[in-house]
Amino acid sequence: MAAIGKIRSWGPGLVVILGLGLVGFIAQDGFSTCKGQAQVDSSTAGVIDGEKIEIQEFQSLVGEYQELAKLQGQDNLNEDQLNSLRDYVWNECVNNKLVEEQAAKLGLTVTDEEVVNVLKEGTHPAISETPLLSQFVNPQTRAFDANQVSAYREYLKQQSQTNAQAAEQAVLFERCWPVAERILAQKILEMKYQTLLAGCVMSNPVSAKAAFDNQNIESEVIMASMPYASINDNEIEVTDADLKAKYDEMKEQFKTRADLAEIKYVVCQVTASKKDRDALMEVMQKASKALKSDSASVSDVVREAQSQVAYLGLPLSKNALPSDLADSISKMGAGQVTAPFESRDNTFNVVKLFSKENVADSIEFRMISLMGMQSAKATADSIMKSISAGVAFDSIAKKYNQRGEKTWMTSNEYESAPTLTADNKAIYTALLKAPVNEVKDLELSQGHIILQITQRKGNVEKFNVAIVKRAIDFSNETYNETYNKFSQFVSESQNIEGLQAKCADYGYVVMDGQVTNADHTIANIRSSHDAIKWLFTEAEEGHISKVFDRCGDNDRLMVVGLSKLTPKGYLAQSTVEATLKQEVLRDKKFAKLSEQLAGVKSVAEAQAKGARLDSISHITFRAPVYVPSIVMPEPALSGAVAGTEKGAFSKHVVKGQAGAYVFQVINRTQREGVTFNEKVSEAALRQSALQQTVGMAMQELRDKVEIKDNRYIFF
């Protein structure tokens, strides 16, 4: 019994212990659930109306668009271009999902047969909006031309026999074509849906005439203005109730569609030290000396100096030269070598001009390729004998399964090349210098080419020039010194308050900013994505990040602090209080100025009460009125002026962004040289209204579904 009594005495403690254990178990389970959710998010690019877009799927779509861009000559996209492409693909994912849902409800579909028919007909507007397909729209007929596609395929097939790049392009083209057709089908479906929306848009002669008049009827007025700046802010009382009322009135303007972080950040740029500059100058002086020597290999000098500009050994047009050097090179004399000099793009430069030449910019030629043939030399000799005997070039080409057709080349083909092989240089040299109509046998490392120049045109001045250009960059030693100092600053700061307190000691500046989880950079500094990811996945308010290095062009160090995180939706009143206060001040100042102008019947009376006068002409309803004495445009005045008869004084005081206004319309005329065309004006009005309707409809659809964009986790 004593034991039982003792156990009973432990009852309250046991309950607490068991309770804590149960809480711990639930918490652990909850933690596991959260962790599981994080793992799901870590593989999900986003969610559109409940449908997950896995990161692999999204990356695959981006890859397809990258390949389409590559076919259009946009290879090796930089960070900004890649971010723009990802944004475009994401928006296409969202739009396609929303349109597909609405189309399914309406019974709208697009079949494979329909896509084929659209391409056959060639006039559907969706073609011009589809990557790759738009390249084959005939500029004269404005229609898709299947013959151009066939010709391009044949061209790639022919070039692939001797050109590895063309062979790669041919494979890429065939891989991308079904992707373009799929995108076309999506565009067709979207336009079908928009066509239904177009039924909601109506136009009539009265509205068309009003729209024409709004753009072309001009008024001349005498404007009397009283600026809000004439009243000191301290004279106006702004209460909490005023701010709350204004917030409720403007709330829709404060709606955000992405999480918003208010931040404080410090950026430190690493720059070359004097020691770095001196070391680079030694390299440039050595290069200058070597280029003055006739015995030195120019290519070796340029390569050993690690120049940003390769030496091609071919004449370059002025447009192909570095923009900061082009003018000075054009003024140099043949044989001149410069001393090292600093240019505006933060580089040291040495230039040697070998010669100035008048060279054709466009060259027509034809050729027979014998590349990779074991008996190329013997075959080339045989072809040259046949040509000497009068056998037609075309017939010989056909014998070797080649077309031998005439092709045009522009100098841009080699001028834009970063480097040239010895074979390529030999071919381009022959194209530039071989006599017209003479047939040449070019012996190359992999075989022979029988080449004939048929004509040249467009002679321009070109420059055979060697350029050694080096960025004035910092060394690893300089970078490490700067990094260590910045890291010390961050470690001593520990939080946002410390960041602000320590800045003066280290010579840094704390900046304020805002960033959303849909942004790619902080303060437009490239490669600052990791800082954004930290803000929206790890940061706590008041805390600061670690040092983010290698931002910008690998020359920026950054630390970020989170001041406040606002989830998407409506911004809190406290977040927009400065804006609200300015709006309340504007309202109350306008009320005071309106009282001051109450009862005035002319601009003279308004002037007597302190208003400034301006004579303003060419006012239309469609454009904001620029008030010279206020030095800013006022959109509200456009409608007020249009609604006042010629010769009349304004019926009421107009509230502007910067002041209160009254005016008199002294003249009204139609713009010279324009006439009203009812059909044209109706069509323009209908198109404009349709664009607005489609835009609003798509935004309405977006607002009604849950869209979660997780891309900031990945890039």
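## Contact between α7 and α8

In this predicted model, V149, Y152, R153, L156, Q159 and S160 of α7 meet A166, A167, Q169, A170, F173, E174 and W177 of α8, where contact means heavy atoms within 4.5 Å and helices are DSSP runs (H or I, at least four residues), as strands are (E, at least two), numbered from the N terminus. The contact comprises eight nonpolar, three polar and two charged residues, with Ala, Val, Leu, Ile, Met, Phe, Trp, Tyr, Cys and Pro counted as nonpolar, Asp, Glu, Lys and Arg as charged, and the others, Gly among them, as polar.

## Largest pocket

The largest pocket has a volume of about 1600 Å³, the volume being the space filled by probe spheres set on grid points that are joined across faces, edges and corners. A pocket here is an open set of points, on a 1 Å grid over the protein atoms alone, where a 1.4 Å probe fits, with protein on both sides within 12 Å along at least five of seven lines, and lining residues have an atom within 4 Å of a point. Of its 39 lining residues, Y155, Q159, N163, E413 and Y428 are the closest to the centre, and the lining divides into 19 nonpolar, 15 polar and five charged residues.

## Basis of the model

Residues are numbered from 1 along each chain as its sequence is written. The model is predicted, with local features needing pLDDT of at least 70, side-chain atom pairs counting only at pLDDT 80 or more, and totals for chains, interfaces and linings using all residues, while side-chain values use heavy atoms, leaving out hydrogens and water.
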